[in-house]
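Subject: Structure handover

Hi,

Here is the structure I promised to pass on to you. Please open it alongside this email, and my notes follow below.

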Amino acid sequence: MGVLDNFPQSYGYLLNYRIEGLPRELFARYDAGGRPGADDAGRRAFGMWAQLRLSLGDKGGHEYPEEVLRLVREVADGDIPWTFEDTRVLWEIADALSSCGHTGHAELYRIPLAAIATLGYPERRQILGDAPSWHPAHRSPGRAALRKDLGRVLTEPAEHGVAGVVRSLVWDGDPIARAMAGEYAARLAHPAVLPLLKHWRKAKANRPSGPWLAKVRTLLTDDGVAVLREILSRVATHRESREPGGRVFLARHTALPLRGMLWTCEVIDAPWVSTLLGDVATNCGIGRNGTGGAAVCRNERLANAALNALAKRGGLDTVGVLARVRAKLRRPALLAKASDALDAVAVQEGLSHEQLVDRTVPAFGLVRVRRTE
């Protein structure tokens with residue numbers, strides 16, 4: 001039985017449909033006891049065959065013959081000239097085996113980790129980036145178990161300077177991320193702001209917790225507020241861009257610290273905050289490519305974060321902002337959130353429904369005359 005026959009049937013689609021151009025003839029030669037020659041293609045195929053030998057079938061497990069372990073370490077320690085596509089395939093194989101019960105994570109990922117370390121950092125991020133729900137990486141316990149190893153291969157060296165420091169945290173999946181690692185890199189990597197950026201990246205819940213906000217208060221500086229305002233102002237006018245994976249508004253690794261910035265607005269007492277939150281909520285909450293469609297908005301999580309921050313701020317200055325946001329959005333969940341926030345402000349300020357309508361209906365440049373009895 002060859003390595004392809006022993007691969008878990010539940011992930012057979014990976015070999016039959018997802019991975020194109022597998023060197024099956026070479027695999028058959030290695031199954032029969034052959035060894036690669038000096039050519040690069042044969043050596044890369046042998047390394048991939050060694051990765052496939054880690055399959056223990058549909059039941060998984062973690063106990064490997066010593067022969068297989070020696071082979072895997074030989075390949076991982078070799079100087080095989082891996083390509084981007086080879087490395088992607090190695091990771092998909094390891095993720096598939098991990099997700100169906102193979103628990104020897106150190107061995108499963110030994111070759112993929114060695115291969116990805118030979119690539120540039122943009123290529124590493126592309127391979128280890130966001131995985132769709134059907135992808136084996138989405139359910140891979142191995143990635144969680146090897147978190148430190150992943151951090152090591154994704155963290156750029158000190159000689160890459162402040163740009164490398166920021167890229168290691170926000171990646172480079174869209175123009176906002178590239179601006180953060182470009183013109184804003186020196187400010188974001190400054191010792192007075194870098195701890196704040198790292199804290200922003202922890203904005204993974206639906207809402208900020210009390211301890212999260214308490215810590216942001218201790219980390220927030222004037223420099224941090226200034227760079228936050230500038231970056232969120234860019235987000236408020238940002239548009240989709242063409243990236244390697246298709247058209248993107250904001251990549252997940254960019255959106256995470258941006259949500260932290262929006263949460264931070266809850267603790268910033270400045271007159272520009274409400275307007276900026278409203279602009280971000282509108283731009284992120286409208287349809288893709290700036291359309292008014294209700295089905296899919298640009299980034300619902302960021303729109304929600306901005307609306308939640310507005311609701312928390314309260315005050316009469318948020319009434320007009322929330323009304324403008326509500327007038328431009330179409331997604332029902334966001335419209336309901338904007339309406340609830342308006343109602344909450346009305347209760348806080350003791351406004352009747354008529355008074356609230358009076359403050360939210362635009363006058364379109366006309367003088368509104370109040371009716372007198």
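One term to begin with: a residue is called buried under 20% relative accessible area, exposed over 50%, and partly exposed in between, using a 1.4 Å probe and protein chains only. This is a predicted model, in which local features need pLDDT of at least 70 and side-chain atom pairs count only at pLDDT 80 or more, while totals for chains, interfaces and linings use all residues. Residues are numbered from 1 along each chain as its sequence is written, and side-chain values use heavy atoms, with hydrogens and water left out.

Helices (H or I, at least four residues) and strands (E, at least two) are DSSP runs, numbered from the N terminus.

Salt bridges

Side chains of opposite charge can pair when their charged atoms come close. I counted a salt bridge wherever a side-chain nitrogen of Lys or Arg lies within 4 Å of a carboxyl oxygen of Asp or Glu. The whole structure has 20 of them.

Let me start with Arg-152 and Asp-149, which form a salt bridge with their closest N and O atoms 3.4 Å apart. These two sit three residues apart in helix α10 (residues 147–154), so about one helical turn separates them. Arg-152 is exposed, at 52% relative accessible area, and Asp-149 is partly exposed at 25%.

Which parts of the chain does the pair of Glu-107 and Arg-73 link? Their closest N and O atoms are 2.8 Å apart, and the pair links distant parts of the chain, with Glu-107 in helix α6 (residues 105–108) and Arg-73 in helix α4 (residues 66–77), 34 residues apart. Glu-107 is buried at 11% relative accessibility, whereas Arg-73 is partly exposed at 32%.

Glu-240 and Arg-298 also meet in a salt bridge, at 2.8 Å from N to O. This pair too links distant parts of the chain, 58 residues apart: Glu-240 is in the loop between α16 (222–235) and β1 (241–243), and Arg-298 is in the loop between α18 (273–285) and α19 (300–313). Glu-240 is buried at 14%, and Arg-298 is buried at 9%.

There is also a network of salt bridges that links Arg-125, Glu-156, Arg-167 and Asp-172.

Two helices side by side

The axes of helix α17 (residues 252–264) and α19 come within 9 Å and cross at roughly 10 degrees. Axes here are lines fitted to C-alpha atoms, for helices over the stretch in contact, and angles run from 0 to 180 degrees between N-to-C directions. The two helices are therefore roughly parallel to each other (angles under 35 degrees count as roughly parallel, over 145 as roughly antiparallel, 65 to 115 as roughly perpendicular and the rest as oblique). In contact (heavy atoms within 4.5 Å) are residues including Leu-258 and Trp-263 of α17 and Leu-302 and Ala-305 of α19.

With a disulfide defined as a pair of cysteine sulfur atoms within 2.5 Å, the count is zero. For Cys-284, the closest cysteine sulfur is in Cys-297, 8.4 Å away and too far for a bond. Cys-284 is buried, with a relative accessible area of 0%, and Cys-100 is buried at 14%.

Finally, most residues other than glycine have a negative phi. Trp-171 has a positive phi of about 60 degrees although it is not a glycine. You will find Trp-171 in the loop between α11 (161–170) and α12 (175–180), where it is buried at 10%.

Best wishes
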